[in-house]
Amino acid sequence: MDEALKFTVDHYFESEVLEKLLSDQHHRKISMEESLRIDRSFRHAAHCFICAPLNKLVLGKYPSHASVLMQLRFDGLLGFPGGIIEREEDIVCGLNRELQEEINLDLGRFMVREADHLISHVNHRHKFVFHFYSLPVTFEEFRAIEKQNLEATDYGNETLGILRVPLYTMKDGYHGLAAFLNQQFVGNAKDQLLYGLAKLKILTPEELSEAIHKSQALKLTKAY
Ligand SMILES: O=c1[nH]cnc2c1ncn2[C@H]1C[C@H](O)[C@@H](COP(=O)(O)OP(=O)(O)O)O1
């Protein structure tokens, strides 16, 4: 990523304005190096932002430029596929193992690598470090990943199905991404979603700010 964009994205996520909007104040950004030196009483978990480029008019009129995969968990919350890393396990190995278990990712074809790391957060209250990675694929590959999900070991138990994040905005300025942001997310998954969308240049910081503001301003008035 070029330095100018990196500054924009990081600056955006560290700005006081966004800090007030982020859903969970208990997650503090931490570098991968620092997280690996953290007290052994902390657990590590890793989750993955699987995305593909897309040029589609949803419902024939709302432009959408990417597909991003999330899942409905056993507890009714939305999150990304991934999970807890075993004590002696390498983080990327553990993440690939979890992806195989949760969404039946074909590891012969797709594999998350260390270079795909996006951001990590530490939560001192729960003694957890959360690592977030990306897996950019083509749209055809994304479709193949979606189709294989039904055969996952965890499907119907820990995970209740995958979904595509609505990245479009409908005529009323709310339904689509802004409304989606009012769903219930596990941990800091909502902030990870916003971060992934910005870092992979799927949406601009301005588009994200707009969606966040609309999600909060119109939450009560737009319910069906
Ligand atoms: O998508 C997520 N983003 C951030 N944190 C998440 C996400 N999904 C779950 N979590 C949290 C919840 C727990 O504190 C840990 C581990 O949960 P989970 O992924 O359910 O772990 P297992 O599959 O049981 O290994 O991460």
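1. Basis. Residue numbers start from 1 along each chain as its sequence is written. The model is predicted: local features need pLDDT of at least 70, side-chain atom pairs count only at pLDDT 80 or more, and totals for chains, interfaces and linings use all residues. Helices (H or I, at least four residues) and strands (E, at least two) are DSSP runs, numbered from the N terminus.

2. Ligand shell. There are 16 residues around the ligand, and Gly79, Phe80, Gly83, Ile84 and Gly187 come nearest. The elements giving two or more residues to this shell are strand 2 (43-58), strand 5 (82-84), strand 7 (128-136) and helix 7 (189-199). A residue is near a molecule or strand if its C-beta atom, placed from the backbone, lies within 6 Å of it. Strand 5 gives the most, with 3 residues.

3. Shell composition. The shell holds 7 nonpolar, 7 polar and 2 charged residues. Here Ala, Val, Leu, Ile, Met, Phe, Trp, Tyr, Cys and Pro count as nonpolar, Asp, Glu, Lys and Arg as charged, and the others, Gly among them, as polar.

4. Strands 2 and 3. Strand 3 (residues 62-73) pairs with strand 2 in the antiparallel sense over 7 bridges; two strands pair if DSSP finds at least two bridges between them. Pro53 has Ala66 of strand 3 as its bridge partner. The hairpin of these strands has 3 residues between them, and Leu59 takes a positive phi near 55°.

5. Other partners of strand 3. Strand 8 (residues 159-164) runs antiparallel to strand 3 and is joined to it by 5 bridges, with Thr159 in strand 8 as the bridge partner of Arg73. Strand 4 (residues 78-79) pairs with strand 3 in the antiparallel sense over 2 bridges. Gly79 in strand 4 is the bridge partner of Gln71. Strand 3 and strand 4 form a hairpin with 4 residues between them, where Gly76 in the turn has a positive phi of about 85°.

6. Helix 4. The 13 residues of helix 4 (residues 91-103) reach 18 Å from first C-alpha to last, close to the 18 Å expected (1.5 Å times one less than the number of residues). Its buried residues (20 or more other C-beta atoms within 10 Å of their own, C-beta atoms being placed from the backbone) are Ile91, Gly94, Leu95, Asn96, Glu98, Leu99, Glu102 and Ile103. An α-helix has 3.6 residues a turn, so residues three or four places apart point the same way. Just after helix 4, Asn104 takes a positive phi of about 60°.

Note on methods:
Buried ≥ 20, exposed ≤ 12 C-beta atoms within 10 Å, placed from the backbone.
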